[in-house]
Amino acid sequence: MSNSVKRGHRPPACRVHAIAVQNHASVRFVPWPSNKTAATRWEPPKATRVSFQTQRDEALQRIGYLAHDLTDPAVARRVTMFRTGGADVKIAGFSRGELPDSFTDALVLGHSADARLASRALTVLRVLATGLPVVAQHMKGASAIVARNLEMLVIGQALQRRLTPRPDLVYECLDIHRLLTSQSSAGRALRRLERHVGKSVDLVLTSSPAFIANHLKNGPFANRIILVENKILTPAPHPLRLMPPPFRIGWYGALRCERSFKILADLSDRLGGKVKVSLRGRPSPAVFPDMATSLAPHPHMSFGGPYTAADLPSLYGDVHFAWCIDFYEQGANSEWLLPNRLYESAAFGAVPIALRSVETGRYLQRHGLGVTLEDANPEALASLFSEMTSAKYAALHRAVIDTDPALWRASPEDCRALVTAITQPTARAAA
């Protein structure tokens, strides 16, 4: 066994091209255009609701989950979703820090770091060379292997060949790495790798229709995609408390956008305390090596460290607005995603702020919610908040908390529908 590894009949092609998991153990089937030269902007048509078969064997369905970062809160949420849906989940992956308490039985394959793709590729190669027997034993009996991100998909494909009976291979693609859209030689090589490994993929999970329209529709798995939004699982009610000014903006989650930091810092400095900014989550060491030093010149900004799902009600209950703008991979991933913070903020009554021209802004505009900006320059933001009143904010807040909670929250029925889609290929093919 490698020192880097330690304990801690393929289904027929689906007749539908994209499946969006919805409420009440049902799914929405969205026909995908057969003409791949169609316009890159894809709007999902109105869909017919079709109930999934919900009967399962008495024994739990086993899912093997390969995670790129076992410390990522979104990974913990997905595992919770699988378990809530009735699955026995076996977890393996790389770690970037301390594992959650619920991951005590996870198999740690090694350690990785943000923004170090070459190093992460080497850790994958080490697992392929010496670690697969251990991972296969850990995930024995799995009916499906879910691989989060391309690097884990490579391991998943090799693992699929080792296991008997052969499990389905599910590609969970919730971010499109910037190299996958690059025209460089490295970018072209990575796309060739995704297409090659993608031939073994039985199902794709993604979180935004823009990922499908701008990237995934070109893959060999284009007719086997499920849209699973980043809805929260926390069942707490909306906070109804209206806080007085000064207005507070919360920027929570993966803190990796230097331009967002500069915009928010400039705004808080310009308005001299009329707007305060609260940062919580995990700063990228590659972007913010020392958050305290970055914050020192800005007295109206604060950083409260990482948080858990249990903290979400208090975090968003203490701010008026949520920053849902990201320039980290501008022109690609940042413009296509529907981020966790969109669902988290709206679920707990904070008003999302987004750019009008990106997928998050279009989502908010379709539902008549939030603040959408043509441009996030400091002057536009300073003007917005100089004219913001308690009455204007109250109307924005009321619009958010009056929405159907199912827009932001995944129910137990959603979780069961997802597990069924992953573990019962006959249900997918018959749909």
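Tutor: A residue counts as buried under 20% relative accessible area, as exposed over 50% and as partly exposed in between, using a 1.4 Å probe and protein chains only. The model is predicted, so local features require a pLDDT of at least 70 and side-chain atom pairs a pLDDT of 80 or more, whereas totals for chains, interfaces and linings use all residues. Residues are numbered from 1 along each chain as its sequence is written, and side-chain values use heavy atoms, without hydrogens and water.

Student: Which residues of strand 10 are buried on each side?

Tutor: Helices (H or I, at least four residues) and strands (E, at least two) are DSSP runs, numbered from the N terminus. In a regular strand the side chains alternate between the two faces of the sheet. Strand 10 covers residues 203–206, and both of its faces are covered. The buried residues are Leu203 and Leu205 on one side, and on the other Val204 and Thr206.

Student: Which residue in strand 10 is the bridge partner of Val170?

Tutor: Two strands pair if DSSP finds at least two bridges between them. Strand 9 (residues 168–172) runs parallel to strand 10, and three bridges join them. Within strand 10, the partner of Val170 is Leu203.

Student: Which residue in strand 11 stands opposite Val204?

Tutor: Strand 11 comprises residues 225–227 and pairs with strand 10 in the parallel sense, again over three bridges. In strand 11, the residue opposite Val204 is Ile225.

Student: Strand 10, a helix and strand 11 make a β-α-β unit; which helix is it, and what is the handedness of the unit?

Tutor: A crossover is right-handed if, with the strands pointing away from the viewer, the path from the first strand over the helix to the second runs clockwise. Strand 9, helix 4 (residues 185–198) and strand 10 make one such unit. Between strand 10 and strand 11 the helix is helix 5 (residues 209–214), and the unit is right-handed.

Student: How many aromatic pairs does the count come to?

Tutor: Rings of Phe, Tyr and Trp (its six-membered ring) pair if their centres lie within 6.5 Å; planes under 30 degrees apart count as stacked, over 60 as edge-to-face and the rest as tilted. By this rule the aromatic pairs come to 13.

Student: Why is the pair of Tyr65 and Phe82 classed as it is, and how many residues apart in sequence are the parts that it ties together?

Tutor: The ring centres of Tyr65 and Phe82 are 5.6 Å apart and the planes stand at 85°, so the pair is edge-to-face. Tyr65 belongs to strand 5 (residues 61–67) and Phe82 to helix 1 (residues 73–84), so the separation in sequence of the parts tied together is 17 residues.

Student: Where does Phe288, the partner of Trp251, lie?

Tutor: Trp251 and Phe288 form an edge-to-face pair, at 6.4 Å centre to centre with 80° between the planes. The pair ties together parts that are 37 residues apart in sequence, because Trp251 lies in strand 12 (residues 247–255) and Phe288 in the loop between strand 13 (275–283) and helix 7 (291–295).

Student: At what distance from the ring centre of Phe327 does Arg259 lie?

Tutor: A charge sits over a ring if NZ of Lys or CZ of Arg is within 6 Å of the ring centre and within 35 degrees of the ring normal. Arg409 has its charged end over the ring of Phe348, 5.1 Å from the centre. Arg259 lies over the face of Phe327, and its distance from the ring centre is 3.9 Å.

Student: With which residue does Arg282 form a salt bridge?

Tutor: A salt bridge is a side-chain nitrogen of Lys or Arg within 4 Å of a carboxyl oxygen of Asp or Glu, and a search of the whole structure finds 11 of them. For Arg282, the closest N and O atoms are 3.1 Å apart, and the partner is Asp69.

Student: Is Asp69 buried or exposed, and what is its relative accessible area?

Tutor: Arg282 has 34% relative accessibility, so it counts as partly exposed. Asp69 is buried, with a relative accessible area of 2%.
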